[in-house]
Structure formats: structure tokens, C-alpha cells
Amino acid sequence: MIKSKLIQNAKKIDNFLINFLKKQKYSLLVAPMKYGLISGGKKIRSTIILDTGKLLRIKEKKLVHICAAVECIHSYSLIHDDLPCMDNDSIRRGKPSTHKKFGEATAVLAGNSLLTLAFEIIADKKNFLSSKHKNDIMRLLANFSGHTGIAGGQELDLKFENKRKNLEQIVNMQRKKTGKLFNFCMQTTAIIANKNKKEILSLGQLGEEIGLLFQFADDFLDVKGSKKLAGKPLKKDKKKGKSTLVNLLGYEKAFKYADKLKKKILLKLTKHGKNTKDLIDTIEFILGRNF
Ligand code: GRG
């Protein structure tokens with residue numbers, strides 16, 4: 001059930017991105033951008049947006065531009081994450097990573113172009129949101145992607161290699177590296193639903209916890225997952241001396257910690273009344289996932 005929802009959402013967002021790129025002028029970077037962005041990947045962040053849209057009763061067509069923008073930022077981060085100067089991975093989504101296929105310089109430029117494409121998509125004329133909403137959403141996306149978000153988190157992730165970091169430091173790094181983009185997904189949907197400031201921030205915080213849970217699950221996959229299903233090399237975190245919950249606490253204790261977080265998230269969701277089923281299904285999938 002959840003798998004077919006993920007596939008359906010991924011197709012929708014992929015189609016939007018294909019059409020958006022088709023309408024732009026051709027450049028040599030279109031092929032590597034598409035390679036890193038389309039036909040692959042769970043598009044889980046889009047699913048969180050669409051699930052939150054159901055919770056807040058927003059029409060899907062109001063959310064598709066935001067989903068596409070988030071996927072551009074996410075794919076950009078993966079392309080750069082795989083580079084030799086970062087995590088140096090040759091396989092992503094079951095295929096050679098973008099720099100293996102197109103070369104390093106092209107991968108850097110394709111990543112940069114996906115970053116700017118995200119903002120172009122939000123600003124698009126056919127994105128029928130008010131200028132105020134577009135402005136608020138762009139500010140938030142910039143803030144959560146740069147040094148106070150994903151890029152800052154990645155810097156910490158690299159600096160933490162082979163260092164003994166405590167639980168708080170690891171969680172803070174993972175909140176930035178992964179949690180902030182999930183925060184964006186739920187906060188933005190709440191902005192579009194015209195919720196009040198308190199509700200917007202509280203939904204954003206809930207998104208961040210879901211993102212943290214997603215990162216914990218990624219770390220569990222690295223230990224116990226199947227390379228074939230995950231579509232990327234596994235068992236690297238220990239070799240690289242990555243600061244993860246698993247490396248700090250051991251698998252069992254780390255899993256208990258994550259399970260407690262999942263229960264906390266589900267409890268918080270009960271306050272949001274009806275229409276939570278889709279989001280609950282996605283949260284259950286996140287901790288149990290094998291890809
Ligand atoms: C400023 C956006 C930006 C990036 C530059 C390289 C970098 C800084 C950040 C890397 C951040 C990173 C790789 C975080 C890990 C997040 C994570 C768990 C990724 C796996 O996501 P999935 O499973 O991937 O959703 P698919 O393949 O399904 O799309």
C-alpha cells in the first residue's frame with residue numbers, strides 16, 4: 001500500500017520535473033541534472049508534503065511545485081555527497097553516481113544547477129501561490145539548505161569523522177543534515193494552509209523529528225540493509241568512523257532510541273485530529289524501511 005503510494009507520488013513529481021526542464025532552454029547540464037534527479041529515489045520528502053497536505057486539506061495542485069523544488073535540493077545534496085571530496089561513493093540509486101557517469105566537474109555544476117532550479121520552480125508563474133507565500137517559502141528553503149541547514153550539517157558530519165561525539169552533538173548534526181529539509185516540507189505546507197505562526201512552527205518541528213527518524217533509519221540500513229535493495233554501498237559508517245547513533249550506542253540501544261522517537265512523533269500527531277492516516281503510514285514505513 002505505502003509502496004504504491006510512494007511510486008505514484010514519485011511518478012507525479014518526476015513528470016512535473018521532466019516537463020519543467022523540457023520548457024527550459026537546452027544546455028549540456030540537462031542530462032546530468034536529469035540523471036541525478038529523475039527516475040530513481042523514493043521522493044519521500046514529496047510524500048511527506050502530500051501527506052501533510054491531506055492532513056491540512058490542501059489541494060495537491062497547490063503543492064506540486066514545492067515537492068519538485070524539495071527534490072531538486074535533495075538530489076543536489078546527494079550528487080555532491082557522493083563526490084570524492086565528500087563521501088566518495090560510486091553507486092547511488094543502483095546506478096553509477098553522477099560524477100562516475102559524467103565526471104566530477106559536471107557533477108558539481110549539475111548539483112549547483114539543481115540548487116538554483118529549486119528557487120526558479122518556486123518563483124514560477126504557474127505556481128499559483130501569493131507573492132508573500134512564495135517569498136516566505138524561498139527564505140525558509142534557503143535558510144534550511146545553507147550553512148544553518150543541510151550544508152552546515154554536512155560540514156559537521158565530515159568534521160565528526162573519527163571523533164568521539166556525544167548524543168546531543170550527533171543529533172544536532174543529523175537535524176541539520178537531514179531533519180531541516182523535512183522541517184521545510186511540513187512547515188511550508190502549513191504556510192500554504194494559512195495556519196498561524198505557532199501551528200506553522202509546531203508542524204515544522206514535527207517534520208524535523210520525522211527527518212531525524214529518517215536519518216536514524218538510514219544509519220540502521222547501513223548496518224543491516226541489503227546493498228541491492230538500498231541501491232547504494234552499505235557498511236561504510238563504521239569503516240569511515242562516522243558519528244552515528246549506532247556507532248555511539250550500538251545497534252540495539254540505537255534502535256530503541258529511534259523507536260521511542262517514532263512513538264513520540266505518533267503521539268504528537270494524535271493532536272492533529274482526523275486525516276492523519278497517510279502521514280502515520282509514511283512514518284511507520286520510515287523506521288521499518290529496507291530501501
Ligand atoms: C546545500 C543541499 C546542499 C548540499 C550540500 C553534500 C551536502 C551539502 C549534504 C549532504 C546531505 C546528505 C547526503 C544527507 C543524508 C540524507 C539522506 C538520509 C539521504 C538519503 O535519502 P533518500 O533515502 O534518498 O530519500 P533517495 O535515493 O530515495 O532519494
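The following exercises, each with a worked solution, concern a predicted model of a protein structure.

**Exercise 1. A histidine and a pocket**

Task: Determine where His 65 lies, whether it is buried or exposed, and which residues it touches.

Solution. 
Step 1. Locate the residue in the secondary structure: His 65 belongs to helix H4.
Step 2. Consider its accessibility. The relative accessible area of His 65 is 7%. A residue counts as buried when this value is under 20%, so His 65 is buried.
Step 3. List the contacts, leaving aside residues up to four places away in sequence. On this basis His 65 touches Phe 16, Ile 121, Asp 124, Lys 126 and Asn 127.
Step 4. Turn to the second largest pocket. Among its 15 lining residues, those nearest its centre are Phe 16, Phe 20, His 65, Asp 124 and Lys 126.

**Exercise 2. The second largest pocket**

Task: Describe the second largest pocket by its volume, by the elements that line it and by the classes of its lining residues.

Solution. 
Step 1. Begin with the volume, which is about 400 Å³ for the second largest pocket.
Step 2. Identify the elements. Helix H1 (2-22) and helix H4 (64-81) are the elements that give two or more residues to the lining of the second largest pocket.
Step 3. Find the largest share. This comes from H1, which supplies three residues to the lining of the second largest pocket.
Step 4. Sort the lining by class. The second largest pocket has five nonpolar, four polar and six charged residues in its lining.

**Exercise 3. The cavity**

Task: State how many cavities of 30 Å³ or more are counted, and describe what lines the largest cavity.

Solution. 
Step 1. Take the count: there is one cavity of 30 Å³ or more.
Step 2. Give its volume. The largest cavity has about 90 Å³.
Step 3. Name residues of the lining. Among them are Tyr 35, Gly 36, Ser 75, Leu 78, Ile 79, Asp 82 and Arg 92.
Step 4. Assign the lining to elements. Helix H2 (30-37), H4 and strand S2 (95-96) each give two or more residues to the lining of the largest cavity. The greatest contribution is that of H4, with three residues.
Step 5. Classify the lining. The residues around the largest cavity comprise four nonpolar, four polar and four charged.

**Exercise 4. Asparagines in loops**

Task: For Asn 194 and Asn 275, give the value of phi, the loop and the accessibility.

Solution. 
Step 1. Examine phi. Asn 194 has a phi near 55°, a positive value in a residue other than glycine. For Asn 275, phi is near 65°, again a positive value in a residue other than glycine.
Step 2. Find the loops. Asn 194 sits between H9 and helix H10 (197-224), and Asn 275 sits between helix H14 (251-270) and helix H15 (277-288).
Step 3. Judge accessibility. The cut-off for exposed is over 50%. Asn 194 has a relative accessible area of 59% and is therefore exposed. Asn 275, at 33%, is partly exposed.

**Exercise 5. Sequence distance and spatial distance**

Task: What is the C-alpha separation of Ser 46 and Glu 71, and what is that of Asn 88 and Glu 168?

Solution. 
Step 1. Consider Ser 46, which lies in helix H3 (residues 44-55). Ser 46 is buried, since its relative accessible area is 0%.
Step 2. Read the separation. Ser 46 and Glu 71 are 25 residues apart in sequence, and their C-alpha atoms are 7.2 Å apart.
Step 3. Check the contacts. Apart from residues up to four places away in sequence, Ser 46 touches Ile 13, Cys 67 and Glu 71.
Step 4. Consider Asn 88, found in the loop between H4 and strand S1 (91-92). Asn 88 is partly exposed, with a relative accessible area of 46%.
Step 5. Read the second separation. Asn 88 and Glu 168 are 80 residues apart along the chain, with 27 Å between their C-alpha atoms.
Step 6. Check the contacts again. Apart from residues up to four places away in sequence, Asn 88 touches Asp 81, Asp 82, Leu 83 and Lys 240.

Key: Residues numbered from 1 in each chain as written. Predicted model: local features only at pLDDT ≥ 70, side-chain atom pairs only at ≥ 80, totals over all residues. Heavy atoms only, no water. 1 Å grid on protein atoms, 1.4 Å probe; cavity = no way out; pocket = protein on both sides within 12 Å on 5 of 7 lines; lining within 4 Å. Points joined across faces, edges and corners; volume = space filled by probe spheres on them. Helix = DSSP H or I, 4+ residues; strand = E, 2+ residues; numbered from the N terminus. Nonpolar A, V, L, I, M, F, W, Y, C, P; charged D, E, K, R; others polar. Buried < 20%, exposed > 50% of the residue type's maximum accessible area, 1.4 Å probe, protein only. Contact = heavy atoms within 4.5 Å.
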